[in-house]
Amino acid sequence: MADDSARTGAAGKPAKPCPICGKPSVAAAKPFCSDRCRDVDLNRWLSGSYAIPAREGEEEESE
Ligand SMILES: [Zn+2]
């Protein structure tokens, strides 16, 4: 299905949706729709960077 259904009406470039909420992004806060979403993403990135996923599977010995 190769159809040009992704027409956004922009100047040729399809506007990518905000990765946070899915709304159309704005140039002022690319690639997000607002500063708020950009902040949310930043927080996610920071927390994800600090929060190391602790996998408990080392001491999984059968009883
Ligand atoms: Zn957003």
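Modeller: Setting aside neighbours within four places in sequence, K16 is in contact with S25 and P31; contact means that the C-beta atoms of two residues, placed from the backbone, lie within 7 Å. This is a predicted model, in which local features need pLDDT of at least 70 and side-chain atom pairs count only at pLDDT 80 or more, while totals for chains, interfaces and linings use all residues. Residues are numbered from 1 along each chain as its sequence is written.

K16 lies in the segment before α1. K16 counts as exposed because it has 10 Å surroundings holding 12 C-beta neighbours; a residue is exposed with 12 or fewer other C-beta atoms within 10 Å of its own, buried with 20 or more, and partly exposed in between, the C-beta atoms being placed from the backbone. From K16 to C33 the C-alpha distance is 9.5 Å, and the two are 17 residues apart in sequence.

P31, one of the contacts of K16, is also in the segment before α1, which spans 35-50. The peptide bond from K30 to P31 is cis, with omega near -10°. Most peptide bonds are trans.

G22 belongs to the segment before α1 as well. G22 is exposed because 10 C-beta neighbours lie inside 10 Å. Its C-alpha atom is 8.6 Å from that of F32, 10 residues apart along the chain.

Buried residues make up 8% of the 63 residues.

Terms used: Helix = DSSP H or I, 4+ residues; strand = E, 2+ residues; numbered from the N terminus.
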